[in-house]
Amino acid sequence: MADTQEKKACPCCGKHTDRSEKERRKLINRLKRVEGQIRGIIGMLENDAYCNDILIQSAAVNAAVNAFNKELLANHIRTCVARDIREGKDETIDELVTTLQKLMK
C-alpha cells in the first residue's frame, strides 16, 4: 500500500494490522491460488466432471485455506498478540482463544 493511501480499519471491529509488502504479497498470492482452484472446481461442475474428482479438488482447496490460516495465525501471534500482551491488553488472549475455537471446528 502506498504511503499516501490512508489505511482503513476493518469495518467489523475497527482494527487493522500493518504488514510488510512481502508478507501482504505472500498472503495474497496464497489466496489467489485458492481462487484459481475454486474456479477450476466450478469448471469441473460446468463440464459434469466425476463427483470423486471434484471432491478431491475440494479437499485440496480446504488444505490450501488451512495453510493460509496457519500462516496468518502464526503472523498474528508473533505481531498483534505479542504487542497487545506487552501493552497489557489481556483481552487479546480471549480473542485469540475464540479465534482458535472457530478455526478448530
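The model is predicted, so to speak of local features a pLDDT of at least 70 is needed, side-chain atom pairs count only at pLDDT 80 or more, and totals for chains, interfaces and linings use all residues. Residues are numbered from 1 along each chain as its sequence is written, and side-chain values use heavy atoms, with hydrogens and water left out.

Overall, the protein has three helices and zero strands, taken as DSSP runs numbered from the N terminus (H or I of at least four residues for helices, E of at least two for strands). From the N terminus on, the order is simply α-α-α. Of the 105 residues, 17% are buried, where buried is under 20% relative accessible area, exposed is over 50% and partly exposed lies in between (1.4 Å probe, protein chains only).

Helix α1 has 26 residues and spans 37 Å from its first C-alpha to its last, close to the 38 Å expected at 1.5 Å a residue; the expected span is 1.5 Å times one less than the number of residues. Its buried residues are Arg24, Leu27, Val34, Ile41, Gly43 and Met44, and these pack against α2. Just after α1, Asp48 adopts a positive phi of about 55°.

The largest nonpolar core is made up of five residues, Val34, Ile41, Met44, Ile54 and Val61. The elements giving two or more residues to this core are α1 (21-46) and α2 (51-86), and α1 gives the most, with three. Such a core is a set of buried Ala, Val, Leu, Ile, Met, Phe, Trp, Tyr and Cys residues joined through side-chain atoms within 4.5 Å. Beyond its neighbours within four places in sequence, Ile41 is in contact with Ile54, Gln57, Ser58 and Val61.

Then there is Asp84, which sits in helix α2. Asp84 counts as buried because its relative accessible area is 9%. Leaving out residues up to four places away in sequence, Asp84 touches Lys89 and Thr92. The side chains of Asp84 and Thr92 are joined by a polar contact of 2.9 Å, that is, a pair of N or O atoms within 3.5 Å; within protein, one must be able to donate a hydrogen and the other to accept it, and residues adjacent in sequence count only if both atoms are side-chain atoms.

How values were computed. Contact means heavy atoms within 4.5 Å.
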